[in-house]
Amino acid sequence: MAEVLSAFFDKISVPQGGDKIYKDECTYSFDNPESENGLYVCMQTFLGFGKAHVLRHYNQTGNPVYLHLKTTKKKIIKAPETEEEKAKPTRLAIGVEGGFAGDDSDQYEYEESNSVVLLPDFISFSLPDASLPEKVQLAVSGIISAESASRMEQVAAWDGEKRFISKHADNLKQLDNGVKVPPTGWKCTRCDLTQNLWINLTDGAILCGRRYFDGSGGNNHAVEYYKEKGFPLAVKLGTITPNGADVFSYDEDDMVEDPKLAQHLSHFGINMMSMEKTDKTMTELEIDANMKISEWDVIQEAGKKLTPMFGPGYTGMRNLGNSCYLNSVMQVLFTIPDFVDRYPKNIETIYSECRNSPASDLTVQMAKLGHGLLSGDYSKETPLEDGEDETKEKCQVGIAPRMFKALIGRGHQEFSTNRQQDAQEFLLHVFNLIERNTRGSNNPCDSLKMQLEDRIECTQSQQVRYTTRFDYILSVPIPLEAATNADEFSAYEVKKKELEANKQCIDPKEIVRLKIPFKACLDKMTQPEIVDDFYSSALKARSTAKKTTKLASFPDYLLIQLRKFTLGDDWVPKKLDVSVDMPDDLDLTSIRGAGLQAGEVELPEGDKPEPKIEINEEFVVQLVSMGFDYEGCKKAVYHTKNQGVEPAMNWVLEHMADPDFATPLQLGGAKKKDDSGFTASAEGIMMIESMGFTREQATKALKATSNNVERAADWIFSHLDELNSEPMETGEAAGASDQPAVRDGSGKYKLVAFISHMGTSTSCGHYVCHIKKDGRWVLYNDNKVALSEKLPYDLGYLYLYQRH
C-alpha cells in the first residue's frame with residue numbers, strides 16, 4: 001500500500017505558510033465535504049473538487065493523489081428558544097453571530113471520515129494510517145490543519161461593526177477634581193434629560209448625547225462640551241457591564257475600544273465589575289432604527305404565509321455576512337438570457353478550456369454560480385431531522401458563493417470586506433470585470449448597454465452640440481415636489497412629531513409616504529439643465545448653456561436606478577422613504593434622442609483653450625524628495641493647478657500605478673500628428689487587437705508604454721473611458737463588424753425583476769429581489785425562495801425591464 005503511494009511522491013506537496021487550501025468547496029460546483037460524495041483535495045495544487053469534477057482535474061494535470069474529505073453533521077436538539085431570544089439581533093450585520101438572520105445558526109455535531117484516494121481507479125486508503133509514507137502523512141496533516149482559502153478571505157474582511165483601539169486610551173489625561181459618579185440617578189448637567197447620557201472620561205462631566213434624525217435622543221450637549229473643552233473620550237452610562245461599554249471618541253469621530261476602561265471609570269468611583277446594563281447600546285439603537293423602518297416588513301412580505309419554491313431557477317443563496325447585495329444582484333443577472341447562454345449553458349467548454357487556477361478564473365466562477373442557481377441541484381427541500389417539528393417552515397440549503405465573493409471582491413477596497421454595500425455600485429463593478437474578461441468575445445453585458453445622447457445648446461448663439469456616451473444603468477432622480485399626496489403627507493408628519501414628542505411610535509399601518517409618479521421622475525431626468533461658465537466655441541467666450549439628456553438606443557434589457565440615496569442639507573447621507581409608482585409596462589419612445597435636427601446649427605469644433613499654468617517647482621521638489629518620479633510629480637502639480645503639495649500628493653497616490661506616470665508631461669492644445677518616429681511592435685498590435693481594440697488604440701497604448709505589451713494591456717484597461725470616447729476605425733483595416741456598437745429596438749418594456757433595499761443607508765440594512773418567473777412573481781430573500789403574495793413594486797431601488 002505504502003509502495004503504491006511512494007511512486008507518486010513528485011505529485012504530492014506539503015502545504016507551506018501562505019498556500020491556499022480549497023477544502024471547503026469544489027472549484028467547479030458547490031459540492032463540499034458535507035455533500036453525498038464529499039470533497040477531493042488535490043495533494044499537489046490543493047484545489048478541491050466534487051466527484052463529478054475530480055477526474056477532469058486528473059485528466060488535465062495528471063495529478064493522481066487526493067485527500068478525500070467526508071463530513072456528516074447531526075443536529076443537536078436544544079430546548080426551544082422564546083420568540084424574544086429568536087428574534088432580537090445584537091449586531092448590525094447580516095449572517096454573522098448575533099446579527100440579523102443569515103445562515104442556519106442551529107448547532108450541529110460533526111463526524112469526519114477522511115481517506116487518501118488514488119485516481120483514476122479511486123483506490124482508497126482510510127485515515128488515520130500510520131503505515132503511510134511520512135511525506136503523505138505530513139501533506140494530509142498540513143491540509144487538514146491549515147486554514148481554508150475561504151477562511152483566509154474572511155479573516156481579511158469584517159462586518160462593519162469592528163471597533164479599533166482609541167489613540168487616546170493609553171495616555172488619557174484624567175483630572176483630579178474629586179468627581180465621584182453614583183451608580184444611579186444620573187442627569188445631564190445642562191438639561192433635564194435622564195437617558196442617553198455620556199460621562200466624559202477626562203473630568204467626569206455627564207451630558208446628553210446627540211439628537212437623532214427623528215428628533216428623539218439628546219440635545220447634543222456632550223458633543224458641544226467636547227468642542228468647548230477638547231476632552232476626547234466619553235462612555236455611555238447604562239451600557240457599562242463587566243464585559244465593556246460604549247466608548248465614543250469625538251476626536252476620531254467613531255465608536256472605539258478602550259483597553260483601560262475599568263481603570264478610567266474607577267477614577268470617578270465607577271466599579272465596572274458591579275455595573276448592569278440599563279440602556280441600549282448604540283448598535284441596538286441603530287438596529288431598532290432599521291427595524292422600525294416600515295418598508296422592512298413590507299418588502300420582505302413579513303406576516304404572510306409564503307409558499308416556498310424548489311427546483312431549477314429557484315435556488316437560494318446563503319448569506320455570508322452582509323452579502324445580500326451580491327445575492328440579489330446575481331439572482332437578477334442570471335434571469336437574462338445573455339448571461340445564461342454565456343456562462344451556465346457554455347459550462348463544459350468553459351471548464352475544458354480553463355488552463356489557470358479555476359478558483360481565480362472569473363469566467364469559470366460565473367459559469368459555476370449560474371449553473372448552481374439554475375440547475376436545481378442545490379434547490380431541494382431540506383429533510384426534517386429526528387425530533388424536529390413537522391410544522392416547521394420548509395426550506396432549502398441553497399448555495400454559499402464563497403469562492404465567487406472572494407474572487408469578485410479581490411483587491412477592491414469595499415467589496416473585499418463583509419460590510420454592506422450599494423447594489424448599484426456592485427453591479428457596475430461586476431460589469432467592469434466582465435468587460436475586461438470578454439474583450440474580443442461574447443459580452444453578456446451588451447444586453448444592458450445603452451447609448452445616451454447629451455444635447456448642449458449655447459443660450460446666446462443658439463448653436464448646439466450633440467455627444468453620446470455609454471452606460472449600463474439609467475439613473476433617474478426622484479422629484480419630491482411632484483408628490484401627489486403632499487397634503488396628506490404633511491398632516492402625517494405633524495402627527496408623527498406629536499407622537500415622538502410624547503415618546504410614542506406611530507402605528508406602521510398609518511405610515512404615509514410621498515407618492516411620486518414615475519413619469520415625473522423621467523420628466524425630471526430629461527428636463528433642461530443650466531450649465532454655468534460654459535465655453536462657447538461660437539462666441540469664443542464663456543456663456544451659459546442648456547443641457548438635455550435622452551436615450552440614443554434602447555437595450556434588450558433596461559436597468560433603472562431610482563436615486564433614493566442622497567445628501568441632506570446637513571451633508572449627512574440619507575435615504576428617501578418614498579413610494580414610486582413603477583409601471584408594469586413602460587414606453588420610453590418619447591425620450592429617444594434623434595441627433596441634429598433640421599434648422600439646428602452645430603457649434604464649431606474646438607474646445608476652450610487650455611489655461612497656461614506655470615508649474616510651481618517648489619511643490620515638484622517637495623514631492624520628489626518623498627521618493628516619487630520627477631515627471632510624475634510635475635504632472636501632479638499641473639493637474640491640480642498649483643493648489644499645493646497635499647492635493648498634488650493625492651493625485652500622485654491615485655495615478656502612480658498608471659503605466660504612463662513617469663512619461664514627460666505633454667502641454668499644448670489640439671492633438672498633433674505623431675512625428676516622433678515611434679514604430680509600434682507588430683506582435684504587440686496583433687495581441688492587443690485580439691482583445692477587441694483597434695490598431696490606432698493598440699498603437700497609442702504601446703507608445704505610452706515603450707512597446708511593453710504587458711504594460712500596454714494594463715494601460716489600455718486603465719484608460720477605457722478615454723479609448724471608448726474616441727471614434728472607432730471602420731473598414732477592413734479595423735476588422736469592421738456588421739454588429740452595431742449597441743443593440744437597439746423598440747422603446748416599449750415590461751417589468752421582469754427588481755431589487756429592494758431596507759434600511760436608512762447603503763452601509764446598513766438588507767437587500768432582497770423579486771423576479772417574475774413562469775408568469776409568477778417570486779421573492780428571493782437570501783436562501784429563502786417563495787411565491788410573492790403582495791408585490792412591493794413601489795418600494796424598489798433597481799428595476800429590470802425587458803424590451804417587448
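Trainee: Which helices do the buried residues of helix 19 pack against?

Mentor: In this predicted model, the buried residues of helix 19 pack against helix 18 and helix 20.

Trainee: How many of the ten residues of helix 19 are buried?

Mentor: Seven of the ten are buried, and helix 19 is thus described as mostly covered. The buried residues of helix 19 are Glu 631, Gly 632, Cys 633, Lys 635, Ala 636, Val 637 and Tyr 638.

Trainee: At what angle do helix 18 and helix 19 pack?

Mentor: The angle is about 135°, and the axes of helix 18 and helix 19 are 9 Å apart. That angle makes helix 18 oblique to helix 19. The crossing of helix 18 and helix 19 is right-handed.

Trainee: Which residues make that contact between helix 18 and helix 19?

Mentor: From helix 18 the contact uses Glu 617, Phe 619, Val 620, Leu 623 and Val 624. From helix 19 it uses Tyr 630, Cys 633, Lys 634, Ala 636 and Val 637.

Trainee: And what are the angle and the axis distance for helix 18 and helix 20?

Mentor: Helix 18, residues 617-624, and helix 20, residues 645-655, pack at about 50° with their axes 10 Å apart. These two helices are therefore oblique to each other. Their crossing is right-handed.

Trainee: Which residues of helix 18 meet helix 20?

Mentor: They are Phe 619, Gln 622 and Leu 623. On the side of helix 20, the residues met are Val 645, Ala 648, Met 649 and Val 652.

Trainee: Where does Lys 641 lie?

Mentor: Lys 641 lies in the loop between helix 19, residues 630-639, and helix 20. Its phi is positive, near 55°, although Lys 641 is a residue other than glycine. Most residues other than glycine have a negative phi.

Trainee: Is Lys 641 buried or exposed?

Mentor: Lys 641 is exposed, because its relative accessible area is 52% and the cut-off for exposed is over 50%.

Trainee: What is the phi of Lys 540?

Mentor: Lys 540 has a positive phi of about 55° and is not a glycine. Lys 540 is found in the loop between strand 18 and strand 19. With a relative accessible area of 65%, Lys 540 is exposed.

Trainee: How many bridges pair strand 14 with strand 19?

Mentor: Seven bridges pair strand 14, residues 450-458, with strand 19, residues 541-551, in the antiparallel sense. Within that pairing, Cys 458 has Ala 545 of strand 19 as its bridge partner.

Trainee: On the subject of cysteines, how many disulfides does the structure hold?

Mentor: The structure holds zero disulfides. Cys 521 counts as buried, at 0% relative accessibility. Cys 769 is also buried, with a relative accessible area of 0%.

Trainee: How many bridges join strand 1 to strand 2?

Mentor: Two bridges join strand 1, residues 39-42, to strand 2, and the two run antiparallel. Tyr 40 has Phe 49 of strand 2 as its bridge partner.

Trainee: One last topic. Which residues does the cis peptide bond with omega of about 15° join?

Mentor: That cis bond joins Leu 119 and Pro 120. Pro 120 lies in the loop between strand 6, residues 115-118, and strand 7, residues 123-126. A cis peptide bond with omega of about 0° joins Leu 127 and Pro 128. Pro 128 is in the loop between strand 7 and helix 4, residues 134-145.

Terms used. Residues are numbered from 1 along each chain as its sequence is written. This is a predicted model: local features need pLDDT of at least 70, side-chain atom pairs count only at pLDDT 80 or more; totals for chains, interfaces and linings use all residues. Side-chain values use heavy atoms; hydrogens and water are left out. Two strands pair if DSSP finds at least two bridges between them. Helices (H or I, at least four residues) and strands (E, at least two) are DSSP runs, numbered from the N terminus. A disulfide is a pair of cysteine sulfur atoms within 2.5 Å. Buried means under 20% relative accessible area, exposed over 50%, partly exposed in between (1.4 Å probe, protein chains only). Axes are lines fitted to C-alpha atoms, for helices over the stretch in contact, and angles run from 0 to 180 degrees between N-to-C directions. Angles under 35 degrees count as roughly parallel, over 145 as roughly antiparallel, 65 to 115 as roughly perpendicular and the rest as oblique. A crossing is left-handed if the near helix is turned anticlockwise from the far one by less than a right angle, and right-handed if clockwise. Contact means heavy atoms within 4.5 Å.
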